[in-house]
4 protein chains.
Amino acid sequence: MSDKKTVVLAYSGGLDTSCILVWLKEQGYDVIAFMANLGQVDEDFDAAREKAIKLGAKKVFIVDIRKEFVEEFIYPGIQANALYEDRYQLGTSFARPVIAREQVRIAKQEGAEYLSHGATGKGNDQIRFELTAYALYPKVKIIAPWRIPAFFQRFKGRPDLFEYAKANNIPLPVTPKSPWSMDANLMHISFEGGVLENPKHEGPDDLYQMTTDPRKSPNEPDVLEIEFKNGVPIRVTNVKDGTEKKVPLDLYLYCNDIGGKHGVGRIDIVENRYIGMKSRGIYETPGGTILHQAHLDIETFTMDKEVRRLKQGLALRFSEQVYNGFWYSPECVFTRECIAKSQEGVEGTVKVSVFKGHVYILGRESPLSLYNEELVSMDVQGDYDPTDVAGFIAVNALRLREYGRLRSKMAADK
Amino acid sequence: MSDKKTVVLAYSGGLDTSCILVWLKEQGYDVIAFMANLGQVDEDFDAAREKAIKLGAKKVFIVDIRKEFVEEFIYPGIQANALYEDRYQLGTSFARPVIAREQVRIAKQEGAEYLSHGATGKGNDQIRFELTAYALYPKVKIIAPWRIPAFFQRFKGRPDLFEYAKANNIPLPVTPKSPWSMDANLMHISFEGGVLENPKHEGPDDLYQMTTDPRKSPNEPDVLEIEFKNGVPIRVTNVKDGTEKKVPLDLYLYCNDIGGKHGVGRIDIVENRYIGMKSRGIYETPGGTILHQAHLDIETFTMDKEVRRLKQGLALRFSEQVYNGFWYSPECVFTRECIAKSQEGVEGTVKVSVFKGHVYILGRESPLSLYNEELVSMDVQGDYDPTDVAGFIAVNALRLREYGRLRSKMAADK
Amino acid sequence: MSDKKTVVLAYSGGLDTSCILVWLKEQGYDVIAFMANLGQVDEDFDAAREKAIKLGAKKVFIVDIRKEFVEEFIYPGIQANALYEDRYQLGTSFARPVIAREQVRIAKQEGAEYLSHGATGKGNDQIRFELTAYALYPKVKIIAPWRIPAFFQRFKGRPDLFEYAKANNIPLPVTPKSPWSMDANLMHISFEGGVLENPKHEGPDDLYQMTTDPRKSPNEPDVLEIEFKNGVPIRVTNVKDGTEKKVPLDLYLYCNDIGGKHGVGRIDIVENRYIGMKSRGIYETPGGTILHQAHLDIETFTMDKEVRRLKQGLALRFSEQVYNGFWYSPECVFTRECIAKSQEGVEGTVKVSVFKGHVYILGRESPLSLYNEELVSMDVQGDYDPTDVAGFIAVNALRLREYGRLRSKMAADK
Amino acid sequence: MSDKKTVVLAYSGGLDTSCILVWLKEQGYDVIAFMANLGQVDEDFDAAREKAIKLGAKKVFIVDIRKEFVEEFIYPGIQANALYEDRYQLGTSFARPVIAREQVRIAKQEGAEYLSHGATGKGNDQIRFELTAYALYPKVKIIAPWRIPAFFQRFKGRPDLFEYAKANNIPLPVTPKSPWSMDANLMHISFEGGVLENPKHEGPDDLYQMTTDPRKSPNEPDVLEIEFKNGVPIRVTNVKDGTEKKVPLDLYLYCNDIGGKHGVGRIDIVENRYIGMKSRGIYETPGGTILHQAHLDIETFTMDKEVRRLKQGLALRFSEQVYNGFWYSPECVFTRECIAKSQEGVEGTVKVSVFKGHVYILGRESPLSLYNEELVSMDVQGDYDPTDVAGFIAVNALRLREYGRLRSKMAADK
């Protein structure tokens, strides 16, 4: 081991983190490049490895953490019906802690005391990375170049990075940069920045990568049967062709395929970042949208309504915790445990039709449902006495009538 | 005024309430038939009036309360983003208090001490009707035949009603009854009961009445600009043909047209009734779905995130209050006031595309948004110092690091 | 087994349930008298047994369920810091489900299909008893005489009961009835009704039975050290005389002794009954008040603040569930599990002084506290960089400044 | 106006802010000393003014903001029943925004672009001051010496300040510093730091200043009648001697007198600071404790229970907002408006006995209460039909019985 300080850099192979890699060396660090395989599309991991070595990385770790991502992060999100501000499925938010956990693992293994990343100084990701790191590795030191004046004042724009790259033999990107920023993993792609910063500016057609334009998607739906146990999907079957998937990663990727094919899961929102600014983002989350809808259906079908009401409150907090980067906080651990508890009877099969950007629930069944067909039937009495409801209403009305009495009295006194 | 007791019956013109009308007379009541025009499709109000008179109603009131329904009930629902159990837009729940309020008004005007309705003994509507009545008319007496053994034991099924109708010169329905039950108003149609009681049984294609089958809907979207002020829509403009609507009722009906044309707003859910049983329902809410999505967008765009978080909690309670029939309760009055307060800056225009069963947000603008394009920009620094975030993260991490410290200590002590 | 229907009556030995016992026989039931020993003061169980037999009870069960009451009901309440409407410690509410559970157990064992109780028709207890019974014994039938017109119209007042008692050889109470109603168990005594129904009427000095009048209580405090583990007390030590208690029932009774001696735990409140009416009650809960204060202290000392915030929300719901009689509901089971989870690190010792009606916290220590004396010290820096806070504040202020900016703009536009 | 930059310093007259005043001048600022009169005990404002001028303050503003403090800050706190973490009455938290608002007002009036304060870098007060300042004066710049390395590294302990004081002719404090830190205003005194940093170390007897030791307080209670309107006290009357106070400031100070005389309002807690560390504090809040108890009573007496439940949730958020320094945030403005709305019918008189450290509620009356003595009476039927409750229970039990049915089925299937 050299005398130098060692830093593990979350490396993407792109221009920014390539420049950061070189810059860190310039500052006197040994740099270990770490790249997570989260199923991001069109990523050439071998080329990225080669490039990192060429730029002087002491070691390069490229780790496939797709399985953990799906099973330990996305699945609890499905259990929670997690949506941030009613719409965002948290595709980036779930990815950050699993990446940072692996980065910390490598840092500890390699005896590195420093972590670095290329996240911007205005975003959520810096927070999600660093809170995870501090929680799992309390003594760690973080180097966030985009928050260090010596760095961000030197690299004020893309041209400065280009110049630096040229001067340091960093290969320049061959494809022109798209006029927005992207973050991709197997759960979703997010788009923000650039022309999208004007919240009125419509997202262009060529932006989307995981989903077909619904105007061009098939004219016949796919119909899936999705089976859940403990609130997570355990089997997806395509009714049409009999395709069946059970392994979480396979199952999830298959839902992506079907959702993507039918243009499902596109949203365009303005959201509130943790640091308090509003930000416009476009997301495509094909598989997640299908599973969200299906889970919501089986949960409502099987769970007691009052339990669900409590769970709903916890899930709102969970979504905020995850969005804000607090996956490894005491409160998020607690919330996950409570939510998992609530899912013990969430079991059964939901049938959905996926068509032209939308997911339609067709029906559901469960061995554990509290749904009682005879009880609810309009044609059968079941174990139910309608005369009871008169008393139920009368007692509920008692408070309302007292309130009416008081208001009348007050009005009369005036 | 006769010596007889007078009852105001919520009358629909159908078989059930026609039989109830006659039955009430049989029990010695003077019956006033009341029918609310809430924009239900295909309703022949004149025929219903004639029929009621023929059956012996002392008076018949048919009142157009569509304006009040939209402005006083549906619009607060839009402000709240009201959804019951994450999906149901409450189309029946909003209708019940406005109907019952009118029924009470007529009862007071006519000196009637009794109200009656044909709601079943297993449903939510009986509760919504009666809680409204008790709240607004504390001394009222309710006659709910479907909860009175002398009635429901006599009329055990449809054949018994038919027989009674024949015996009493009640015209029989000419069209065969659909194999499910329906409730329609300008906001939505709900379907439940009959074959739908099996939650696995798919809703048949010919069930829907307000919305086109998305497989047959136009292949080109309609694009609307929806302007909001104080959280309610004040103008809808069709970008394609320039159609513009501003009067709430017109605006709402126009959204229904566009949504219906494109097959928007169909859901198939299992919900939890107030009385504690699970029930399967299919709903179509075309205009409501468009306005819900658009309002959600403009609200998130303009409202402070912490205000919204509080408002979201209140809105969840609001949805439950409305669903359970407590519109005229102290808590619902309070909740509406708080929510209305939160909407004071919810102002601006949202552009939406309506296509094949789905509503896509395209962009938004507002004179009052907290969105600050310069602040959030990836290219411009704005009035923002990224070095601040290091401190923000460090302080947020303090608690997580202490927690880590404690857990390590606990692990070491073992 | 006779041909007669068998009913298990919750019997107290008092005038009401004695008359009910005889009346049930009159209606043709075999009556099994059940009496729970919950540590109510001055109860003569042997006399009650003898009386029940004399009145014709087929069997009498007197069961000591004090241990279960403390360990399974009161202790979860301590974990929750349960207070209904901020003040009431739920002494009666916790007692009802443990009584009803035992009553159900006996009914099942004895093959009885009926349960009966003497709770009034305006109170909470009828609901607590019956919801427990229905949850644990879904097919049970309940006989609640005070809601049966044939009973309550016959026994309109105390004189009617006296007359019936005389006519049926039911021994009359020798002591005059106090001008209020009481419910006692080892946790508390509640007083309501009679002269207390006027909410302005002060509770008289001679009402209290578990607590000394603070004006007459000792002039020197007792000081206790209360040790908790998993959020429940596991040891109480009197600093003065070294008395030590560890067994839950003993420990709780000892806290009652100390609290009672110093006049601790008296409250006079108006509360909202589940059925919607407001009711005035006076309660004395000596030991519960001490343990509530001590637990609150050790919990805040050891629990992460964000976990506690979630737990606080759950505990509010728990208190309502318990008050309303839903102990054996899915939601209360879920809530208890979540709360218990939150208590896993609530461990340590609190020192309290009990004096003149008040409990004073003197100090606390814990092997598991997140409290870090060095970190918080005003004199030592610890592992803390104060410059971080500038960034923390700046980022938190970002949203407030944008809001200020918008409001200024709006004001300027006017 | 000089060329120099001008700073308004929150000045206390003590050693710290005297040194800061001189140090700010040393850094080249014109210093305006601002001192708020919030009714802190034993403060010699004239001496402080003289001292500030002697030290070179360009101007000195000493402003009596006690009235605003009580009416605009403490009173909304009473409406909210505000308690942070169930115990702390927020005496310091309410004071900070009113001080900072006045400091901002002076800064704007004097054309000063800088504000400074002597709050430590580990505490809550720095945040409360600065968030208020940023919200009301978005362009302001803050100088927080205890977070500036050049300052805090120079003044590492009290001896360094002493030396600096001597060298700069700053008069040294004549009384020895108490072994803890204090913050006083008319609402409370807080004690923390020093020997109190050990959470096990008992607060010494000579610490308290606003309250008599209950062991030495009078042996006879004072009895007060406290009249509320819109949820705030409008009259306090001492039953014994007829003293009556109506003006908010007078009324509040009188409650302090009575509470202090009887040793009311002492608490010893560990609380969670906003920055995430746990901190031990001792507080005495005599008048606030009396008014808190009285308001809680009149609120529960007059407010509908479901409204109160919503208000309780909002009040929990309010307490956190205030504690964390967000008084002038959009969410706190919103919360205050909602809470104020809830208080419109909170009207009536509560009678309390104040004795030996405790406040006892004796009774209450209101022209607007929903309490209905006849309705709740055990002796009178009132407008109430007990047979209704059977139906109420049966309907509530429906869900529990279904749940029982499902669990039995599940158990049987195993």
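A:Asp297 and B:Arg87 form a salt bridge, with the closest N and O atoms 3.0 Å apart. By salt bridge I mean a side-chain nitrogen of Lys or Arg within 4 Å of a carboxyl oxygen of Asp or Glu. In general, side chains of opposite charge can pair when their charged atoms come close.

Before going on, some ground rules. This is a predicted model, in which local features need pLDDT of at least 70 and side-chain atom pairs count only at pLDDT 80 or more, while totals for chains, interfaces and linings use all residues. Residues are numbered from 1 along each chain as its sequence is written, chains are lettered from A and ligands numbered from 1 in the order in which they are written, and side-chain values use heavy atoms, with hydrogens and water left out.

Back to chains A and B. How many salt bridges are there between chain A and chain B? The count is twelve. Another salt bridge joins the side chains of A:Asp86 and B:Arg308, at 2.7 Å from N to O. This pair crosses between chains: A:Asp86 sits in the loop between helix H3 (66-80) and helix H4 (91-110) of chain A, and B:Arg308 is in helix H10 of chain B. Helices here are DSSP runs of H or I with at least four residues, strands are runs of E with at least two, and both are numbered from the N terminus. Over all chains, a search of the whole structure finds 140 salt bridges.

Now the interface as a whole. Chain A gives 102 residues to the contact and chain B gives 103, where contact means heavy atoms within 4.5 Å. Together the two chains bury about 9,300 Å², and 58% of that is on carbon and sulfur atoms. Buried area is the accessible area, taken with a 1.4 Å probe, that two parts lose on being put together, summed over both.

Across the interface of chain A and chain B there are 43 residue pairs in polar contact, both residues at pLDDT 80 or more. A polar contact is a pair of N or O atoms within 3.5 Å; within protein, one must be able to donate a hydrogen and the other to accept it, and residues adjacent in sequence count only if both atoms are side-chain atoms. On the side of chain A that touches chain B, the largest share, 13 residues, comes from helix H13 (residues 387-413) of chain A. By class, that side has 44 nonpolar, 25 polar and 33 charged residues. For these classes, Ala, Val, Leu, Ile, Met, Phe, Trp, Tyr, Cys and Pro count as nonpolar, Asp, Glu, Lys and Arg as charged, and the others, Gly among them, as polar.

How are chains A and B arranged? The same surface serves both copies, since 100% of the contact residues of chain A recur in chain B. The superposition is by least squares on the C-alpha atoms of residues with pLDDT of at least 70 in both copies.

Next, chains B and C. This contact takes 29 residues from chain B and 29 residues from chain C. The two chains bury about 2,300 Å² between them, 64% of it on carbon and sulfur atoms. In chain B, the residues that lose the most area to chain C are B:Leu370, B:Phe392 and B:Arg399, together 22% of what that side buries.

The rule finds two salt bridges across this interface. In one of them, the side chains of C:Arg399 and B:Asp304 meet at 2.7 Å, N to O. Four residue pairs are in polar contact across the interface of chain B and chain C. On the side of chain B that touches chain C, helix H10 (305-324) and helix H13 (387-413) are the elements that give two or more residues. H13(B) gives the largest share, 16 residues.

Chain B can be laid on chain C by a turn of 180 degrees and a shift of 0.0 Å along the axis, with an RMSD of 0.0 Å. In chain B, the C-alpha nearest that axis belongs to B:Phe392, 1.8 Å away.
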